Amino acid sequence: MVKENTIKILKARRFAKKAVADMLYSTLESIGQAASMFFEILKWIFRGGISVKNTVSQMVEVGWRSFPIITLTSFFTGMVLALQVGSSTSNLFNEPVYVGTITGFSLVIELGPVLTAIVVTGRVGAAITAELGTMKVTEQLDALYTLGTNPVKYLAVPRFLALFFMLPLLTALANIIGIYGGLVLTVNTWDVSTTTYWSDVLDFMEISTFLHGFIKSFFFALIIAVIACHKGFTTKGGAEGVGRATTSCVMLSMIFILVSDYFLTELLVSLGIK
Amino acid sequence: MIKVRDLNKSFGRKRVLRGINIDVNDGETLVIIGSSGTGKSVLLKNIVGLVTPDSGSIMIDGAEITSSSADELQEIRKKLGYVFQEAALFDSLTVEENVAFGLRMLTKLNEEEIAKRVTQCLNMVGLENVELLKPSELSGGMKKRAGLARAIAYQPKYIFYDEPTTGLDPIMSDVISDLIIRLRERLQVTSIVVTHDMKSAYKIADRIIMLYKGEVIFTGTPKETRNTDNPIVKQFIEGSGVGPIEIDRTFGLE
């Protein structure tokens, strides 16, 4: 009996070790493949000959079609921030102070880039993985190869470029609309004048403040594009596989955005870009 | 001419191809038969460079596929057309754009010449007034024919067909078989066809080979195939459930 139990324990241990080793191996393999895809994208960008038509149509998809949802979310985020700041400062100082300053700073350096990246991950990143994944499982990527076309050059590069240029623009837009949302709330709820709000927003803001958010949004674009394309190109197993790859793309992108946000902030602050 | 020598390919622990040796002569139609999972499609994908073999050699007109650079492969691909099992038409493009795709990527024809060639190819496969439709608006047979039109548009020397009649009704299967014969006669292409459909195989083949457990176990003309004494080939062409071919009869229920 004791011997049997010992054998069972040893087997369970061996199984657990193998499972951990397999997981570690597949994670490292996946990171390696994503990095390799990133360098392949860079290689094709530097070689040139990228389809302008494809890139522009992706820019419309990423930028213009994300415009309504970014407008809506950032406007309400700005209002919520102004409401919270006004309420907190009213409790502390008996009047709403620095509403514009705190709303503006929070949006420009943090919430603007991060929220925009997360919304774009859900709308664009998921769509890229689902589209490329479906192409993979229906052999359309193989068909591209047989027709003398590299799928990374034809499909991944235009999507990468579209995200890389449109996400910072959407972030800038989110910042402006968010600050405007804050203004609407501040003027109507806290009875602060428009002039005071704008001077609060702009008095302490420098070029480096905007730069801080912009640099982040370029990195977030890179994260979304590489993960979405990588997950799409490595999709396996029919419709179920496409669903799995899409979920995985959204989860991984969000995790990488939020974790890298901390390290990027540390780096940028240490470089004096704040 | 295509020469395959000692080709091996495994996926994980599963050995799919074991030392395959094949010669395909110019102008010939070679049909590869075999049960599902014996490596027929994998063999085709190895030959066109979609899958990299573990070892062995694949020569197309004297050029070694396995050691070619990306640019060399690009040149070789101009000679190859591939008709996929489910057609693999690009969903986001119209039929016309699908057929024109290879012409835009692999040739230097101008738009006027491309439009003319697209119409010619669609007519050749019996499709009319479908230029502006999306693949989702086509029936199974029409998709196969559109896929065929795309593969022949840039006039490749070799055409690879991956189960061209699977999933079609018997009449449409016969239409596709006739089309393969007509294309060979009109364009003098060399064809390699993977199929389970013996009626189609007998009709289109100059030579038939059978793959079993990743190995070539039989080569012969359609007549020799019909009259073979090889029990495995015999069981396969007769479609019998009883014989030496190992079949899992438990259906995973035990």
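Reply: Two residues are taken to be in contact when their C-beta atoms, placed from the backbone, lie within 7 Å. On that basis, and bearing in mind that this is a predicted model, 10 residues of chain A are in contact with 15 residues of chain B. The side of chain A that touches chain B is made up, by class, of 3 nonpolar, 5 polar and 2 charged residues.

Chain A itself contains 9 helices and 0 strands, and its pattern along the sequence reads α-α-α-α-α-α-α-α-α. Its radius of gyration is 23 Å, well over the 19 Å that the globule rule gives for 274 residues, so chain A is more spread out than a compact globule. The C-alpha trace of chain A spans about 75 × 65 × 35 Å along its principal axes, and buried residues account for 39% of its 274 residues. If one takes the contacts in chain A between residues at least 6 apart in sequence, 87% of them join residues at least 24 apart.

Helix α4 of chain A covers residues 99-137 and helix α9 of chain A covers residues 238-270, and the two pack at an angle of about 150° with their axes 8 Å apart. Angles over 145 degrees count as roughly antiparallel, which means that α4(A) is roughly antiparallel to α9(A). Their crossing is right-handed. On the α4(A) side, the residues that meet α9(A) include A:Val114, A:Ala117, A:Ile118, A:Gly122, A:Gly125, A:Ala126 and A:Gly133, while those on the α9(A) side include A:Gly238, A:Gly241, A:Val242, A:Ala245, A:Cys249, A:Met254 and A:Asp261. Sorted by class, the residues of the contact of α4(A) with α9(A) comprise 12 nonpolar, 10 polar and 1 charged.

Helix α1 of chain A, residues 2-47, and helix α8 of chain A, residues 207-233, have axes that come within 9 Å and cross at roughly 110°. With 65 to 115 degrees counted as roughly perpendicular, α1(A) is therefore roughly perpendicular to α8(A). Here too the crossing is described as right-handed. From α1(A), A:Gln33, A:Ala34, A:Met37 and A:Phe38 take part, and they meet A:Val226, A:Ile227, A:Cys229, A:His230 and A:Phe233 of α8(A). The residues of this contact divide into 7 nonpolar and 2 polar, with no charged residue.

A further pair is formed by helix α6 of chain A (residues 151-189) and helix α7 of chain A (residues 194-203), which pack at an angle of about 140° with their axes 10 Å apart. That angle makes α6(A) oblique to α7(A), and α6(A) passes α7(A) in a right-handed crossing. The residues that make the contact are A:Ile179, A:Leu183, A:Thr186 and A:Val187 of α6(A), together with A:Thr194, A:Tyr197 and A:Val201 of α7(A). By class, the contact of α6(A) with α7(A) has 5 nonpolar and 2 polar residues, and no charged ones.

One residue lets the interior of chain A be followed in more detail. A:Ile70 is found in helix α3 of chain A, residues 67-93, and A:Ile70 is buried, with 23 other C-beta atoms within 10 Å, where 20 or more is the cut-off for that term. A:Thr116 is 46 residues away along the chain, and the C-alpha atoms of A:Ile70 and A:Thr116 are separated by 6.7 Å. Apart from neighbours within four places in sequence, A:Ile70 is in contact with A:Thr116, A:Val119, A:Leu170, A:Leu173 and A:Ala174.

The partner chain gives a point of reference. The C-alpha atoms of chain B fill a box of roughly 55 × 40 × 40 Å along the principal axes, and 43% of its 254 residues are buried. Among the contacts in chain B between residues at least 6 apart in sequence, 63% join residues at least 24 apart.

Notes: Residues are numbered from 1 along each chain as its sequence is written. Chains are lettered from A and ligands numbered from 1 in the order in which they are written. This is a predicted model: local features need pLDDT of at least 70, side-chain atom pairs count only at pLDDT 80 or more; totals for chains, interfaces and linings use all residues. Ala, Val, Leu, Ile, Met, Phe, Trp, Tyr, Cys and Pro count as nonpolar, Asp, Glu, Lys and Arg as charged, and the others, Gly among them, as polar. Axes are lines fitted to C-alpha atoms, for helices over the stretch in contact, and angles run from 0 to 180 degrees between N-to-C directions. Helices (H or I, at least four residues) and strands (E, at least two) are DSSP runs, numbered from the N terminus. Angles under 35 degrees count as roughly parallel, over 145 as roughly antiparallel, 65 to 115 as roughly perpendicular and the rest as oblique. A crossing is left-handed if the near helix is turned anticlockwise from the far one by less than a right angle, and right-handed if clockwise. The radius of gyration is taken over C-alpha atoms; the globule rule is 2.2 Å times the number of residues to the power 0.38. A residue is buried if 20 or more other C-beta atoms lie within 10 Å of its own, exposed if 12 or fewer, and partly exposed in between; C-beta atoms are placed from the backbone.
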